[in-house]
Amino acid sequence: MTDQHEGEDRDGELDPGARRHNRTLRPRSEAFREFMLTGWGQEDNDIRPLESSSYTPRRLRELGAAFPGRRIVIPAGTTKVRNDDCDYAFRPDSAFAYYTGLGEDFEPGAVLVLNPVDPDSEEAKTGATHTPELFVHPRSDQTTQDYYMSAAYGEYWVGARPGLKEMAVMTGIPTADVATLRDALSKDVGPGSVQLSVLAKTDAEVTDMVEQIREQNGFPDPDANSAADDALYEKTSEHRMLKDSYEVGELRRAIAATKDGFDRMLTALPGALGKPRGERILEGAFNANAREEGNDEGYGTIVAYGDHAATLHWMRNTGTIGDDGLLLIDAGVEVNSLYTADITRTFPASGHFTQFQRELYQVVLDAQQAGFEAAQPGRTYSDIHDACMRVLAEALHEWGILPVSVEEALSPEGQQHRRWHACGVAHHLGLDVHDCSQARFEHYQGAKLAPGMTFTIEPGLYFKENDLLVPPEFRGIGIRVEDDVLMTENGPEWLSIGIPKTIDGVEAWMAERAAAQTR
């Protein structure tokens with residue numbers, strides 16, 4: 001990382017904003033300022049419309065139609081502090097990404113605003129309810145002093161970035177300087193006129209600004225304001241449930257990149273066996289692929305050997321990988337558009353399942369297939385869940401582990417089988433790994449499955465090492481098989497069908513990758 005004091009000279013003075021933090025001395029002499037603004041060549045500027053810009057107008061129309069007369073405020077969010085003066089890599093809020101089509105780390109601090117149109121205007125006669133406007137920071141390029149003075153936006157520090165003109169081309173949305181945001185949000189606000197709704201948890205500064213404008217213009221009731229904001233939050237989740245063709249294409253890209261990441265992990269596996277923190281050796285292989293082929297990992301990668309696999313969200317990945325147990329890996333690449341895959345595979349570390357491991361693994365695979373067959377248009381997530389749970393409960397009963405009958409366990413009053421699978425077996429997938437999570441129950445778990453929905457199916461069996469209610473041979477084993485699914489008019493489609501998961505398929509895949517290591 002660049003030295004905090006690189007570039008300071010004897011004429012330098014401490015940046016007032018940095019004085020409190022003992023930060024960089026930057027030159028302030030007039031000679032330096034003039035020198036920094038001269039002698040720069042023309043930059044390449046090949047800015048084109050993003051593919052997503054063809055899809056966002058419909059999304060914006062649908063959102064606006066749900067809130068007639070309201071000004072809708074959707075911040076991108078800001079960078080988050082990791083420690084001291086180091087930030088995490090910026091990743092915009094998923095709702096902002098969905099409605100602007102912007103992915104990656106283009107614009108921290110940006111704000112999308114949907115302004116209500118005059119009901120008597122020509123726009124309103126065409127059915128329009130809102131006009132979008134994207135508030136962004138102007139470029140801090142080599143024509144401005146911020147080029148070298150602003151650590152947040154100065155292109156000396158962060159590299160070339162799109163500004164107002166570029167963002168307008170990329171998104172197809174008119175842009176404005178974010179410095180004018182307060183005046184724009186305040187326009188015509190008042191009872192009987194424009195009201196405000198904001199995604200309140202994304203950017204505290206923007207939320208405070210909205211609250212101040214509300215209070216100043218006759219909307220001081222915090223409960224009413226919170227209810228309005230919650231309604232917006234829910235709606236932005238619900239809108240993402242049905243994926244368009246662009247989104248499905250991005251998910252396919254994410255799944256293909258994830259397959260490549262699994263390939264790398266399996267290639268690295270023989271060399272990781274018995275090594276301290278061998279789980280992290282595989283995690284590193286996957287995450288390197290995620291950065292090469294996409295934006296990042298879609299969520300914290302899980303590499304869990306043995307008893308670690310019975311911890312559903314094991315992400316320390318500090319374990320040593322033996323050569324006789326099972327290895328559970330849950331990972332997904334987030335591509336530059338921010339859509340992520342979510343895949344889990346369970347491997348025999350030796351390369352071959354034992355007969356006992358085969359029996360357990362096949363039950364989980366059968367449960368997943370039952371869930372897939374239950375996933376039909378017009379059915380619900382509960383149907384997927386119930387189908388998976390019946391297969392698992394029947395196996396637990398056959399093994400003599402379930403202390404009651406299958407039917408008693410499956411009843412609402414029972415659920416004893418859930419000791420070994422306490423989580424759900426499916427969730428929406430898209431810009432977030434648990435996409436649409438803020439939707440109301442009746443629009444999510446209770447909603448009928450419909451063409452365009454993308455989701456996972458991920459049953460498992462989890463036997464803790466200290467579980468005295470199962471025979472010793474079961475203890476310290478975790479198995480999950482997770483795939484990504486697209487609902488079509490003709491039923492479900494395995495989006496991740498190209499990633500092996502049958503017993504024979506997994507063993508052949510492992511053998512192929514082990515051979516690749518020696519070539």
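**Close-up 1. Helices H12 and H17 cross in this predicted model.** The axes of H12 (residues 245–272) and H17 (residues 503–518) come within 8 Å and cross at roughly 65 degrees. Axes are lines fitted to C-alpha atoms, for helices over the stretch in contact, and angles run from 0 to 180 degrees between N-to-C directions. Helices are DSSP runs of H or I with at least four residues, strands are runs of E with at least two, and both are numbered from the N terminus. H12 and H17 are therefore roughly perpendicular (65 to 115 degrees).

**Close-up 2. Residues of H12 meet residues of H17.** Contact means heavy atoms within 4.5 Å. On the H12 side, the residues include Phe262 and Leu266. Trp509 and Arg513 are among those in H17.

**Close-up 3. Strand E11 pairs with strand E12.** E11 spans residues 302–305, and E12 spans residues 326–331. They run antiparallel over 4 bridges; pairing requires at least two DSSP bridges. Ile302 stands opposite Asp330. Ile302 and Ala304 point one way from E11, Val303 and Tyr305 the other way. All four are buried (under 20% relative accessible area, 1.4 Å probe, protein chains only).

**Close-up 4. Three strands form an open antiparallel sheet.** The order is E15-E18-E19. E15 (454–457) and E19 (491–494) are edge strands with a single partner each, so one side of each has no neighbour in the sheet. The twist averages 40 degrees from one strand to the next. Thr454 has Leu486 in E18 as its bridge partner.

**Notes.** Residues are numbered from 1 along each chain as its sequence is written, and side-chain values use heavy atoms, without hydrogens or water. Local features need pLDDT of at least 70, side-chain atom pairs count only at pLDDT 80 or more, and totals for chains, interfaces and linings use all residues.

Key
Parallel < 35°, antiparallel > 145°, perpendicular 65-115°, else oblique. Buried < 20%, exposed > 50% of the residue type's maximum accessible area, 1.4 Å probe, protein only.
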